Amino acid sequence: MSTFDRTQQFLARRFTLDEREITPERTLQSLGIDSLATMELVFDLEDEFGITVPDGPQAIETLRDLVALIDRQLALQSAAAA
Amino acid sequence: MKIGFIAMSGVRAHNKALTDHGLTLPGFVERSKVIASLPSLGLLTLAGMTPAQVELDYIEVPDLDAVADVPGDFDAVAISSFSAQIGEAYRLADRYRARGTQVVLGGLHVTARPAEALQHADGIVVGEGEPSWPALVADLLRGKLQPVYDSRGQNFDLANAPMPRFDLLDVERYNRLTVQTQRGCPFRCEFCAASIRIAPTFKVKPVTKVMAEIRRIKEIWPHPFIEFADDNTFVNKRHGKELMRALAREHVRWFTETDVSVAQDDELLQLMHDAGCAQVLIGLESPSPAGLAGLEQKTNWKARQRDQYQRAIDRIQSHGITVNGCFILGLDGTGPESFDEVWKFVRDSGLYEVQITVQTAFPGTPLYERLRQEGRLLRENAWELCTLFDVNLKPSGMSVAELESGFLALAGKIYSDDFIKERQDRFFARRRQQMRGVTDTQELTS
């Protein structure tokens, strides 16, 4: 399952959303997820994917941004483990 | 019969220096813009109890001077306005009447100054609107509108509240919609010009009613941001908790006004977080005991909470809920030193957001009557100054010029881009540390 599919399913569960409305270009704001909720969501996704996102501001507007962030951290952790 | 529901929606400060300054301080104007851009829940509520046989429309008029003629073609209009824009509302009412359209005025200002409003209306609604509206519409349909519909003393039961006509709104225009969960307030703050002036008895709306309104909003805006149009949402903790438990199932983000007592109830704070609370606005009013003395006229409740302010802010924000702390400059008992006191408190407190206003005497409030008797109103009936940013009274501890210049300087510091970012970064850093399990306050970023 791709990172996007997994994130999509996670968001649908976490926020009781219809998976069909969670598309890559959709902004989190338009799904009712503001900056504060996004920060808390990132922590939940750390647990879900077993990653640690560095502290500091992250430019996360859309679901695509969120998935890119997760993929980046997964790649970094794979490289570090290799 | 076609009725237009007309909301005057563009409150603007008259102090030119402040307005000019505000243009460079987005944080300063943000909250006032939010208030000004909220739809009129009162009008939508009356629309909700208007018989289906009546055609109706909802229109907002942010700037009367930008309107060439009267908007819409109606048999009658119901106009609602803040005090600051009541002059424009009266001019609009006069234009409608000149065209033969019947005009009904109502709301907080009209309830405070019914004789004044009646000079510009064919009928006025004094007190809560719901008890009067069915009879008023029936009279309109019969062609026998009465001059005064006065519901004071009837104490409308919010269990009978109609569903507001949110469907009349173009939701694309709003960044939040309002829902009322209660009316009135058990406190009696001298300056308060909110719903306590039309509903002297504190009362709550049944949670099932509130949730029905939120679900109706979600039909037109699937992921809405809600502002509770309450004076103090959690003054009744039992109702507040019941509301939170129901709200948690709806996945909405929301904002409301309350007081520092929420910080004494961790269960409530957790429920608020889980129900999607993004921010609470709390009237801290002043960091100075002298400024807080006598605000509620008798109980002095806020003065007794002063020592708990910092702990309350920390505890609320530790639950992931941002606090918007509100301060009033020019309170009796405070002088020029109050600007520095507020600045230091804001700087040290970790407040995520801040709102500063000047002490304002609104019509119908005990403060207005006291200052009128003391000869301290700058001008009587100067409603255009009731913006919360313009001075309409002589402060007790400083001159009007000192209040205006001190307020402007304080606004410049509090709403600078750098300080806004510093406050927000500090909040997010602390929250991140908390969520990473750093619970020792010594380790938290100060």
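Two strands pair if DSSP finds at least two bridges between them; strands (E, at least two residues) and helices (H or I, at least four) are DSSP runs, numbered from the N terminus. A few notes for you on this predicted model.

1. Let's start with strand 12 (residues 277-285) of chain B. In this strand, Val280(B) is the bridge partner of Thr256(B). Strand 11 (residues 253-258) of chain B pairs with strand 12 of chain B in the parallel sense, over 5 bridges.

2. On to strand 13 (residues 322-329) of chain B, which runs parallel to strand 12 of chain B and is joined to it by 6 bridges. Here Thr322(B) stands opposite Gln279(B).

3. How buried is strand 12 of chain B? Because 9 of its 9 residues are buried, strand 12 is largely enclosed by the rest of the structure. Buried means under 20% relative accessible area, with exposed over 50% and partly exposed in between (1.4 Å probe, protein chains only).

4. Helix 16 (residues 400-414) of chain B is worth a look too. Its buried residues include Leu403(B), Phe407(B) and Ile414(B).

5. Finally, the chains: 19 residues of chain A and 14 residues of chain B take part in the contact, meaning heavy atoms within 4.5 Å.

6. For your checks, residues are numbered from 1 along each chain as its sequence is written, and chains are lettered from A and ligands numbered from 1 in the order in which they are written. Local features need pLDDT of at least 70, side-chain atom pairs count only at pLDDT 80 or more, totals for chains, interfaces and linings use all residues, and side-chain values use heavy atoms, leaving out hydrogens and water.
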